[in-house]
Every structure is written in C-alpha cells, then in structure tokens.
Amino acid sequence: MAWIVLVISGLLETAWAAALHASQGFTRLWPSVIFGVTLALSMAGLAFALRTIPLGTGYAIWVSIGVVGTALIGMFFLGEGFSVPKALCLIAIVAGVVGLKVLH
C-alpha cells in the first residue's frame, strides 16, 4: 500500500508543479487553489509512505516521479521542446530510481 501511495504522491507532485506554473505567481485563483490542494495531498501521501519505506529511497522515488512528469509536461504541453539528450537524461533518472527500488 505504501508504494501505491508513494507513486500517487509523486504524480500529485507533478500536478502541483503544473498548477504552480499555471497560477502565474499566484495571480490566478483556481490554479493557485489546485496548487495548494495537490501540494498538501502530495506531502501527506509522502509522509504516509515514509512510515514504511526508507527515507532515501522513498524521497528519491517521489521526487523523480515529479521531475520526470513535470519535464514531460513542459516538453509536450508547454512548448519547452523535446530532444534526444533530454530524453536520455530522463531515462537516466528513471534507471536510477529503478535501481534504488531493486536494491531496497
């Protein structure tokens, strides 16, 4: 159960990062509200998961899901551009996280 909550919390990290961008510095109400709600849920889920998952592994996985998800949103929806070197870097992040999980 903790692993499922951790993955969902990582996805919520991607959501709050996207909402933060959409809030335009907290000048837009609904993206700001979505930011606050998804941030709180993401942190609560992380806290729950870290009760049974080691800190280093859990935090690295949570952050990596957020990093990769946010980068993909930027590349494919916000015009930040896709490139092979960017994709290889994201693959390296995923490979590192998979390694942490396997060695857990």
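Two residues are said to be in contact when they have heavy atoms within 4.5 Å. With that term in place, I turn to the structure above.

This is a predicted model, in which local features need pLDDT of at least 70 and side-chain atom pairs count only at pLDDT 80 or more, while totals for chains, interfaces and linings use all residues. Residues are numbered from 1 along each chain as its sequence is written, and side-chain values use heavy atoms, with hydrogens and water left out.

The protein has four helices and zero strands; helices (H or I, at least four residues) and strands (E, at least two) are DSSP runs, numbered from the N terminus.

Which residues of helix 3 meet helix 4? They are Thr57, Ala60, Ile61, Ser64, Val67, Val68, Ala71, Leu72 and Met75, and their partners in helix 4 are Lys86, Leu90, Ile93, Val94, Val97, Leu100 and Lys101.

I now come to the interior. Buried residues (under 20% relative accessible area, 1.4 Å probe, protein chains only) make up 32% of the 104 residues. Isoleucine 65, leaving aside neighbours within four places in sequence, is in contact with Leu6, Val7, Gly10, Leu11 and Thr14.

Finally, the C-alpha trace spans about 40 × 35 × 15 Å along its principal axes.

Technical notes: Buried < 20%, exposed > 50% of the residue type's maximum accessible area, 1.4 Å probe, protein only.
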